[in-house]
There are 2 protein chains.
Amino acid sequence: MASRVGKASLRNKIMSAHEAAAFIEDGFNVGMSGFTGAGYPKAVPVALAARIREEHAAGRPFRIGLWTGASTAPELDGALAETGGVGSRLPYQSDPITRSKINEGTIDYNDIHLSHLGPLVREGFLGNLDVAVIEVTAVTDDGRLIPSSSIGNNKVWLDEADKVILEVNSWQSLDLEGMHDVYEKFALPPHRMPVQMTRPGDRIGQPYLSVDNDKIIAIVETDQQDRNTPFKPLDETSKAIAGHFIEFLEHELKRGRLPKELLPLQSGVGNIANAVLAGLLDSPFENLTSYTEVIQDGMVDLIDAGKLATASATAFSLSPDAAERMNQEAKRYRRNIILRPQEISNHPELIRRLGVIACNGLIEADIYGNVNSTHIMGSRMQNGIGGSGDFARNAYISCFVTPSTAKGGAISSIVPFVSHVDHTEHDTHVIVTEQGLADMRGLAPRKRAKLIVEKCAHPSYKPMLEEYTDRAAKVANGSHTPHDLAQAHEWHRRFLAEGTMVPS
Amino acid sequence: MASRVGKASLRNKIMSAHEAAAFIEDGFNVGMSGFTGAGYPKAVPVALAARIREEHAAGRPFRIGLWTGASTAPELDGALAETGGVGSRLPYQSDPITRSKINEGTIDYNDIHLSHLGPLVREGFLGNLDVAVIEVTAVTDDGRLIPSSSIGNNKVWLDEADKVILEVNSWQSLDLEGMHDVYEKFALPPHRMPVQMTRPGDRIGQPYLSVDNDKIIAIVETDQQDRNTPFKPLDETSKAIAGHFIEFLEHELKRGRLPKELLPLQSGVGNIANAVLAGLLDSPFENLTSYTEVIQDGMVDLIDAGKLATASATAFSLSPDAAERMNQEAKRYRRNIILRPQEISNHPELIRRLGVIACNGLIEADIYGNVNSTHIMGSRMQNGIGGSGDFARNAYISCFVTPSTAKGGAISSIVPFVSHVDHTEHDTHVIVTEQGLADMRGLAPRKRAKLIVEKCAHPSYKPMLEEYTDRAAKVANGSHTPHDLAQAHEWHRRFLAEGTMVPS
């Protein structure tokens, strides 16, 4: 098989991951590719982890700032975090070892709206980007890059990094060529221009990533698959949530507030989002579109069923089976799928213009509709805000979905006062649990509270929520958003002390 | 003097405010003009208040939904709220009587991002708009409307209301003609288009408001000035805040992260914002621009000094003296000033593209940079979020300014855990008090806390904040954002019980 490094003059940069990792020094900020376990470098991070361990063993300090698109995989986040050599991390992660270091206080984690990171780096607000490590599918004869299964922040890293290391992964299908659309007109103000996109399927850039070839210091060849994890089989809770959500969409269609092909759908990552997509298979909606971060199995099924005309995202997040199918049939799927930089997939300008219907998960919501997406009991980071704020703030309809309880009922997802706020009451239109759906558009706080408790809370917590609401109404210093501050976090405190929010 | 109703066929609609108010029925949603005390209707609301009182006296129910651009004036919000006939209110208010009814629980207040309201109404999510009551400067011969001292949501109300009542106010200068720029290409998705603006001074619409003349059911002539309140003389606290902020801008310029004419400035309404503008008079910056909600005295002074080339806003918010000057010299000022619909002045797409430097006030911030802009001690509504979220979320640099204490020192503006969140840690870059400035860009939560306490807290609260931070680090279930939930709101509870946050 011919080399995937098409440009002959770049082939002398091909080397081992070990050799490439030697270019990375203590104190560097390193921008790596990768978004939800797709398209991350698979060899250099592991080699870098070995290098860090050697340096530490020799008594020398070695800590990097690690920047990515979003979450990655054990070979990247896990391997590096384990060494203790990750000093800071941004903008999102979902790795168990990284999470544990963040919550021990040994990794400084900067949890950032995914649409904000690219601009912040370009603006020079986060310091110098020393090196980029980017997985690609191939390098063309003229030195352009065919992206792999995610784009994420790759364009930013290639533009801004002093030096570039490429991983050329032959596991990625060459038929991905042409699926990507890399917008190139990023600029700093006062030179920013309108992004001329009006439909999720519009192509506004190039199918290749371009990079100053002189910055390429190493090319590493790999052949490893992405971290693709199976989705859980649909359970009754997920199906009930999906059912309420789709019934709501049908209601909005009847009221004339949604067109029959709906508006572009965004769905968060995970099993509930996938259940919603599965529910759409049997819905009356046709010619759907999505404008979202990741292509999940449910979207591929919708494409196969002829229901989903266009899916725009920045990455795949597929089960191993679906990833295999994508690799085999990328040529067919690229008629329906476009992968873009996350500066575009998550762009407030585009989310608002297109009128995206946003559907994101949460950790907990309070009775007034404030949403915590990130923190367990106020202090402990779970994953991060990701793109949920980009979508929730700018959506046509902003929905949040969650089972009404967690930990076998020990935690209520609906609480009096969230222990951390990522999305304020101003940005949450609809909350859905398996119990029901609360449509809060146009409601003042006390009416929101009544509706959320009635429709969304689990029956075992409903009386406690009603009791809180009644007591708050009596003791609060104002009746707009009545709270009893002495009891606001009582449930969280009980969970921390006793392992359950249920009083003994 | 010739009539300001130029179109002859509309003159038979001229009537008294009393007659016009008779068109408004119980249960109506009424969209009124008005933004920060400028351009609100001055006669019909008072007449409507009288009508409501009569109906109530006769034992008949009469409650309306009252929608505006933002805050108005005693003749509008005050007069109507006093009758008990305002059932619901949105999207912003700052009226003492309305505030008190909201906090008694008799007005349902829907506190909404100013950029969101227009779209929500056009999308049909907030119900039918029965009648619009709009102040204008004049009606042209062909039935177009010369806007007055604010535009706010007038374009939405004129487009969406079933019927329209105009107030033609001859106090407003005819020289305002040509100052306004009314964008007309609003559409619902999937038909929304890019807003083709790249500079704060771009004109992208018409100088007139257009309306289906058949919807006009009444025209009322008035001659009353806007509610223009004097700014307080600059005090030492405001001057210190302005000084820190301008020093920061100078630092960013030196670092090459701001151009020498800066980027478009947004500043919230009020005395501190005005102090910042006054500070810019003596700064090295030239050829400034602003892209903001309101034109305050400080901006007019900057224009007069040749420092401010373009000021884009949706309304004036002037002292009586400056308003007089504006009325006399509107012809000159309209070379520098553009008034736009608030769907444009506050548009996320434009704020992000232009790279606005946002500077807003707050009620309290916590050690991690979460900001409460609306609620006193968690439950009691003060004014509302207004446009602060539109700007903070999408700004190039998002700054919040506040004195470090309130109520003579009984309240610390920096607290362990805010009692309500309007702007999350993800959206706050810089916090400034008279004590100093905390630049939190790129910092993880624990480092933010250290910096905010060190730079911004008042010395009398600093030890208490350090004590909280230390204790939280010990007891929290995670070290990412350490909190002691049992004590998180202790300061607020103490204030409610004892009238001060200082322990006795």
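Biologist: Where in chain A is the place of His180(A)?

Modeller: In this predicted model, His180(A) sits in the loop that runs between strand S7 (163-169) and strand S8 (216-222) of chain A.

Biologist: Why is His180(A) called buried?

Modeller: The relative accessibility of His180(A) is 0%, and the term applies under 20%; His180(A) therefore counts as buried.

Biologist: Which residues is His180(A) in contact with, leaving aside its neighbours within four places in sequence?

Modeller: The contacts of His180(A) beyond those neighbours are Pro147(A), Ser148(A), Ile151(A), Arg203(A), Gln206(A), Pro207(A) and Leu339(A). For Ser148(A), the backbone oxygen lies 2.7 Å from a polar atom of the His180(A) side chain.

Biologist: What makes the rings of Tyr183(A) and Phe186(A) an edge-to-face pair?

Modeller: A pair of aromatic rings is described by the distance of the centres and the angle of the planes. The ring centres of Tyr183(A) and Phe186(A) are 5.1 Å apart, and a pair requires centres within 6.5 Å. Their planes stand at 80°, and over 60 degrees counts as edge-to-face, so the name applies to Tyr183(A) and Phe186(A). The search of the whole structure finds nine aromatic pairs over all chains.

Biologist: Is Tyr183(A) buried or exposed, and how do you know?

Modeller: Tyr183(A) has a relative accessible area of 5%; the limit is under 20%, so Tyr183(A) is buried.

Biologist: What makes the contact of Asp108(A) with Lys447(B) a salt bridge?

Modeller: The closest N and O atoms of Asp108(A) and Lys447(B) are 2.5 Å apart. The rule asks for a side-chain nitrogen of Lys or Arg within 4 Å of a carboxyl oxygen of Asp or Glu, so the pair qualifies. Across the interface of chain A and chain B, the rule finds six salt bridges. Helix H12 (residues 348-354) of chain A gives the largest share of the side that touches chain B, five residues.

Biologist: How many residues of each chain are in contact, and what area do the two chains bury?

Modeller: In chain A, 85 residues are in contact with 85 residues of chain B. The two chains bury about 7200 Å² between them, with 52% of it on carbon and sulfur atoms. Phe125(A), Arg352(A) and Arg393(A) supply 12% of the area that chain A buries against chain B, more than any other three residues.

Biologist: How many residues of helix H5 (residues 114-122) of chain B are buried?

Modeller: Nine of its nine residues are buried, among them His116(B), Pro119(B) and Arg122(B). Just after H5(B), Gly124(B) takes a positive phi of about 80°.

Methods: Residues are numbered from 1 along each chain as its sequence is written. Chains are lettered from A and ligands numbered from 1 in the order in which they are written. This is a predicted model: local features need pLDDT of at least 70, side-chain atom pairs count only at pLDDT 80 or more; totals for chains, interfaces and linings use all residues. Side-chain values use heavy atoms; hydrogens and water are left out. Contact means heavy atoms within 4.5 Å. Buried area is the accessible area (1.4 Å probe) that two parts lose on being put together, summed over both. Helices (H or I, at least four residues) and strands (E, at least two) are DSSP runs, numbered from the N terminus. Rings of Phe, Tyr and Trp (its six-membered ring) pair if their centres lie within 6.5 Å; planes under 30 degrees apart count as stacked, over 60 as edge-to-face and the rest as tilted. Buried means under 20% relative accessible area, exposed over 50%, partly exposed in between (1.4 Å probe, protein chains only). A polar contact is a pair of N or O atoms within 3.5 Å; within protein, one must be able to donate a hydrogen and the other to accept it, and residues adjacent in sequence count only if both atoms are side-chain atoms.
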